[in-house]
Amino acid sequence: MHVRLPPRTIRGEVNERLHDFFAEHDQADFRTALKLLVQHYCIPRPRIRWRRSIERHQTLGLTSADNRMDLYHPRYWARRPFGEHSEREWMQVFWHEMYHVLTTVREEEQADRYARLAMED
């Protein structure tokens, strides 16, 4: 599935808010970043579950079909036993998981449309 990137202005604002959240741990920055993306893509806001660790070995984030993202909280990011511990890597994980949210939502919409069409006479 092809997902278009938001315009550069929106990406810049989102990245700036993610940077501020990583540095200061102010939830308002993260909520604003997420809100910008949700509004741009016209999707429901994913539920975020902040984790100190994620059970699966070497997993940096998880997205489930029920529109939930499990992410390391930046406060615990440097305590991971593997990989880089940079802000940039954390931001890339966020964008990666956001892609999964977008494709899951769109796949569900397509499946619903398919089912409706299949039921028509």
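Predicted model: local features only at pLDDT ≥ 70, side-chain atom pairs only at ≥ 80, totals over all residues.
Residues are numbered from 1 along each chain as its sequence is written, and side-chain values use heavy atoms, with hydrogens and water left out.

Strands are DSSP runs of E with at least two residues, numbered from the N terminus, and two strands pair if DSSP finds at least two bridges between them. In general, the strands of a sheet pair through backbone hydrogen bonds, either parallel or antiparallel. Here three strands form an open sheet with mixed pairing, in the order E1-E3-E2, and its edge strands, E1 and E2, each pair on one side only.

| Strand | Residues |
|---|---|
| E1 | 47-51 |
| E2 | 61-64 |
| E3 | 68-72 |

E2 and E3 pair in the antiparallel sense over four bridges, and together they form a hairpin with three residues between them. In that turn, Asn67 has a positive phi of about 65°. Asn67 counts as buried because its relative accessibility is 14%, where buried means under 20% relative accessible area, exposed over 50% and partly exposed in between (1.4 Å probe, protein chains only). Not counting residues up to four places away in sequence, Asn67 touches Pro44, Arg45, Pro46, Arg47, Val101 and Val105, a contact being heavy atoms within 4.5 Å.
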